Amino acid sequence: MATKKLLRFFILIYSVLYVIVFNLNTKTAFVMNGQTESKGHPKGLYILFATEMWERFNFYGMRAILILFMTKALLFDHAFASNLYGSYLSLVYLTPLLGGYIADRYWGNRRSIIVGGIVMAIGELVLFCCGTVYQSAPGLSTFLFFSGLGLMITGNGFFKPNISSLVGQLYPKTDHRKDAAYTIFYMGINVGGALGPFVCGLVGDTGNPADFRWAFLAGGIGMCISVIVQKLFQHKYVVDPNNNVLGLVPKNSPKAFSSTALIISGLIVLAAVMIGLFYLDSKFNYLFYLLTACIVIIPAIIFVDKSLTAAEKKKVAVIFVVCFFVIFFWGAFEQAGASLTFFADEQTQRHVGLQIPIWPIIIISVALLFYVFTLFKKAAKNLASAFDKNLRVTVFGLLSLLSIAVIAAIIYLLSSGRHSISLEDVPASWFQSLNSAFVVLFAPFFAWFWLAIGKREPSSPTKMALGLLLLALGYLWIAHGVDNIKPGVKVSMIWLTGMYALHTSGELCLSPIGMSLVNKLSPVKFLSLLMAIWFTANSFGNKVAGVLSSMYPPGIAEIKKAKDHGIDLGNILYNKAIPTADQIAQFKKLEIPYEFKSFLGYHINNLYDFFMLFVFMAGTASLILFLVTKKLQKMMQAE
């Protein structure tokens with residue numbers, strides 16, 4: 001146990017060191033001595049990069065352990081936890097519509113980002129308290145759980161839509177560096193998305209449910225770092241080419257809306273509403289009806305507008321068709337945080353049994369310290385001016401603290417007399433780092449590939465159909481891996497890893513392409529409303545993901561839980577025994593499913609059937625979209 005904790009400590013130290021090194025290395029590669037340089041990038045890009053990276057660290061880190069916390073600590077059954085997961089992500093994608101509206105008209109980007117970050121940090125603290133008292137005060141922990149996620153939903157609404165909009169404003173309108181800037185910023189998102197699950201899983205997904213609280217605390221610390229970076233440096237560095245500070249309160253905003261008392265009271269009311277909406281959906285499942293109403297009402301509002309030309313209506317119709325197919329994509333893709341986490345935890349052979357010698361750790365540590373020393377020199381050179389004093393002191397402080405931690409760890413290792421450190425199992429939550437890691441690896445290839453094929457580059461709808469096809473192939477891959485596998489038998493990690501690689505390729509064909517398409521085809525008058533439709537489709541897809549995850553067939557966890565109460569669930573599931581009335585009553589009391597489910601007449605009797613459901617769903621959607629692509633292309637070119 002001691003060696004396991006020691007290994008986790010070392011991995012944690014090196015992960016945090018990597019984050020700082022990556023931030024600094026990105027900055028020194030692109031930032032020159034002035035505020036902006038024609039060959040480099042403005043320092044404001046680095047500030048936005050760091051702010052977004054730490055926020056994504058928080059969001060994806062918490063998401064990686066959320067479903068495990070619900071089922072292992074709060075003891076929710078798989079179906080209920082899956083539906084809650086879907087509702088949470090669905091609301092996360094809806095609230096940016098409100099947050100963006102408030103930022104544009106009343107608060108500005110800067111205040112919205114900081115307020116949203118603070119609210120999310122408070123949400124993580126509430127979840128930490130939930131993870132602390134869940135055994136001693138179950139009723140209080142349930143209240144804290146819904147409150148914490150409600151605060152996360154609220155804060156995300158203000159943070160998410162505002163930071164990315166600042167990136168393009170750092171440059172002149174015709175500046176060729178914009179594309180590279182968004183690439184760097186996108187890297188920040190995915191570095192945070194990869195490290196969040198890794199670090200939060202490291203400290204929280206230990207096999208002891210009481211440790212989940214440390215994952216929430218780690219996410220909260222990441223969120224606090226994000227807010228601090230934005231608060232300290234945004235006003236000085238996040239400026240336009242004329243050195244005007246970006247994201248300030250709009251000039252025509254009523255002064256009353258900048259009142260601290262009004263902001264705090266408004267946030268309390270909004271957070272209370274979000275907590276209530278989240279809780280109500282767990283009882284009445286109203287979100288489906290709300291989202292369906294949005295998808296029906298918004299098109300009606302647009303199409304009855306007489307100022308739209310026939311050509312514009314055709315282009316808008318393309319957006320609605322594309323958004324319809326996006327629902328199927330996210331409904332399958334977002335199984336990552338729900339059913340696929342169940343699979344990683346229960347059905348994947350995660351035992352590695354590695355014995356890591358001490359000497360490579362010492363060598364790597366010394367090499368890192370040397371590299372940190374070179375970063376000290378780079379920072380001293382690139383941040384030498386009086387203008388950059390605060391940023392220079394901050395960077396030096398972070399590097400010094402981490403260097404001290406690594407040196408202390410080396411001294412401890414050398415004095416402990418240990419020859420190796422063991423790594424027994426890979427935490428299930430770590431698999432959620434794969435998507436972001438693959439994005440970092442694959443994105444340059446896709447960017448090159450679309451340019452390399454030149455005139456043969458497929459249209460946007462064709463790329464999106466390809467994305468759905470790759471998603472289906474990912475599920476076909478993992479379905480093959482579990483075919484004819486008996487309950488209780490675990491499969492190799494290669495099946496999950498290969499599936500995530502295919503899913504990431506599909507995401508790169510669909511997600512950025514779809515958003516760009518909405519921007520290109522939207523009439524100026526309805527740009528915001530049509531972006532709302534895009535986010536509503538994403539929200540709908542996430543809700544569908546939760547519902548479909550609830551169809552996950554009973555497996556090892558349920559069979560073990562039933563066995564602990566003297567019932568052979570395996571025989572009942574496979575019709576080798578008929579449950580008695582007393583057993584059925586006990587199943588309901590313990591919230592253990594005792595029969596397989598079906599979806600629209602499709603019976604899900606095992607994991608193979610479950611994964612094939614997504615093959616059929618995504619594959620059919622892909623085929624239909626391929627068939628209508630030519631028609632959509634003609635509508636896109638209408639004049």
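Predicted model: local features only at pLDDT ≥ 70, side-chain atom pairs only at ≥ 80, totals over all residues.

Residues are numbered from 1 along each chain as its sequence is written, and side-chain values use heavy atoms, leaving out hydrogens and water.

**Cysteines**

- With a disulfide taken as a pair of cysteine sulfur atoms within 2.5 Å, the count comes to zero.
- C509 is in no disulfide either, as the nearest cysteine sulfur, that of C323, is 18 Å away.
- C509 is buried, at a relative accessible area of 0%, whereas C224 is partly exposed, at 36%. Here buried means under 20% relative accessible area, exposed means over 50%, and partly exposed lies in between (1.4 Å probe, protein chains only).

**A helix with a kink**

- Helix α6 covers residues 212–237, 26 residues in all. Helices here are DSSP runs of H or I with at least four residues, numbered from the N terminus.
- From first C-alpha to last, α6 reaches 37 Å, close to the expected 38 Å; the expected span is 1.5 Å times one less than the number of residues.
- A kink of about 30 degrees in α6 is centred on K231. The bend at a residue is the angle between axes fitted to the seven residues ending there and the seven starting there.

**Salt bridges**

- There are nine salt bridges, each a side-chain nitrogen of Lys or Arg within 4 Å of a carboxyl oxygen of Asp or Glu.
- R56 pairs with E52, their closest N and O atoms being 3.9 Å apart. Both residues lie in helix α2 (residues 43–72), four residues apart, or about one turn of the helix.
- Both R56 and E52 are buried, and a network of salt bridges links E52, E55 and R56.
- R350 and D345 meet through their side chains at 3.6 Å, N to O, and both of these residues are buried.
- In the salt bridge between E457 and K463, the closest N and O atoms are 2.4 Å apart. E457 is partly exposed at 34% relative accessibility, while K463 is buried at 6%.

Terms used. Helix = DSSP H or I, 4+ residues; strand = E, 2+ residues; numbered from the N terminus.
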